[in-house]
Amino acid sequence: MAPISIRTVLISESVDPRCRAILEENGIRVTEKQTMKKEELIAEIKDYDGLVVRSATKVTADVINAADNLKIIGRAGTGVDNVDVDAATKKGIIVMNTPSGNTISAAELTCALLMSLSRNVPQAAMSMKQGNWDRKKFMGAELYGKVLGIVGLGRIGKEVATRMQSFGMKTIGYDPITPPGVSASWGVEQMSLEQLWPQCDYITVHTPLMAATVGLLNDETFAKCKRGVKVVNCARGGIIDEAALLRALESGQCGGAGLDVFVEEPPKDRSLVQHPNVISCPHLGASTKEAQARCGEDIALQIVDMVKGNNLVGACRPRPHSFAPLMLTLLRPAWT
Ligand SMILES: NC(=O)c1ccc[n+]([C@@H]2O[C@H](COP(=O)([O-])OP(=O)(O)OC[C@H]3O[C@@H](n4cnc5c(N)ncnc54)[C@H](O)[C@@H]3O)[C@@H](O)[C@H]2O)c1
Ligand SMILES: O=C(O)[C@H](O)COP(=O)(O)O
């Protein structure tokens with residue numbers, strides 16, 4: 001690959017310091033500005049060859065059109081739905097992400113939400129802080145023997161499956177691309193969504209946000225689910241239709257929701273967050289020291305690879321993702 005000249009990079013969000021250090025070690029001038037309004041970004045972007053973002057910076061067509069010198073947009077994370085990839089491509093700007101750097105962290109938060117939903121941990125903790133001792137109100141249900149439906153069997157979906165199997169959950173799923181034989185090798189039986197909805201006690205979504213996945217769970221699909229189904233969205237706001245979710249929670253069709261992501265972040269309308277059966281986080285899936293270190297380092301190394309003209313195919317370094325599930329598999333008693 002021909003080397004690309006990148007002399008200046010703007011980092012517009014809180015990215016691990018290793019990112020800046022690696023870029024600077026390689027002679028790139030770095031500016032960090034973390035609270036830029038859209039107009040400021042549009043005014044300044046022309047001064048930079050590269051832009052590094054997380055999920056909060058909206059790299060829209062008008063930002064891209066103002067970016068006279070921009071050659072690369074580096075997303076230190078997974079989802080690129082905040083970047084207008086078509087507009088960038090039309091302008092010859094490369095968009096790259098670090099798709100495996102935060103997989104484990106997002107999977108672990110998903111598991112934490114599933115477990116918290118089953119035992120009302122956040123609500124019970126809040127009640128204790130208020131001076132109560134309410135053992136009856138927070139009666140839970142075991143995850144053991146329950147059915148977990150996983151929609152989207154990519155990196156995170158797989159890691160969630162193997163971890164929740166160690167709690168004795170049956171894992172079923174759907175993915176239009178992952179071959180059923182592959183997901184079967186990590187314990188997930190694939191089926192159509194029509195077959196999946198009525199079987200699940202819990203559903204977790206792990207797809208990108210795109211036309212086909214907006215409102216994947218909506219009034220119609222909630223109606224096909226078991227009454228009291230619990231849902232988790234640690235992927236992108238809107239994959240579970242928020243208004244339909246609120247209606248399902250109010251009617252009891254949905255028994256609880258664990259939400260890390262919202263259509264609008266932070267959400268202005270707090271009716272979902274305030275619902276007693278909803279537990280939520282402010283988009284914390286990738287917010288661990290380890291994930292941020294990996295994503296910051298990976299995006300910087302990928303940019304440096306471009307400067308040096310290194311071949312980017314396979315540039316994402318493999319992660320030891322199978323380590324934890326392997327341990328769980330080895331430690332699992334033979335009778336399960
Ligand atoms: N909450 C967070 O902080 C956080 C952290 C990391 C990733 N994410 C989000 O999680 C999601 C998944 O990430 P990933 O790394 O597992 O991505 P991935 O690309 O590895 O997996 C996504 C899977 O979804 C499947 N898919 C696509 N369309 C589908 C459809 N219509 N129905 C079912 N499956 C479909 C794809 O085939 C793929 O296997 C992304 O939206 C990402 O942005 C959120
Ligand atoms: O897609 C992702 O990588 C996650 O949503 C994390 O986003 P963040 O980098 O803004 O935490």
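Visitor: What makes the meeting of the side chains of aspartate 81 and arginine 236 a salt bridge?

Guide: The N to O distance is 3.0 Å, and the term requires a side-chain nitrogen of Lys or Arg within 4 Å of a carboxyl oxygen of Asp or Glu; the pair therefore qualifies. This is a predicted model, in which local features need pLDDT of at least 70 and side-chain atom pairs pLDDT 80 or more, while totals for chains, interfaces and linings use all residues. Residues are numbered from 1 along each chain as written, chains are lettered from A and ligands numbered from 1 in written order, and side-chain values use heavy atoms, without hydrogens and water.

Visitor: Why is strand E10 called mostly covered?

Guide: Five of the five residues in E10 (229–233; a DSSP run of at least two residues) are buried, that is, under 20% relative accessible area with a 1.4 Å probe, protein chains only. Val229, Val231 and Asn233 point one way and Lys230 and Val232 the other.

Visitor: How do you know that E10 pairs with strands E9 and E11?

Guide: Pairing requires at least two DSSP bridges. E9 (202–205) and E10 share four, in the parallel sense, and E10 and E11 (254–259) share five, also parallel; both therefore qualify. Isoleucine 203 stands opposite valine 231, and asparagine 233 has leucine 259 as its bridge partner.

Visitor: What is the handedness of the crossover from E10 to E11?

Guide: The path through helix H11 (242–251; a DSSP run of at least four residues) is right-handed, which means clockwise with the strands pointing away from the viewer.

Key:
Buried means under 20% relative accessible area, exposed over 50%, partly exposed in between (1.4 Å probe, protein chains only).
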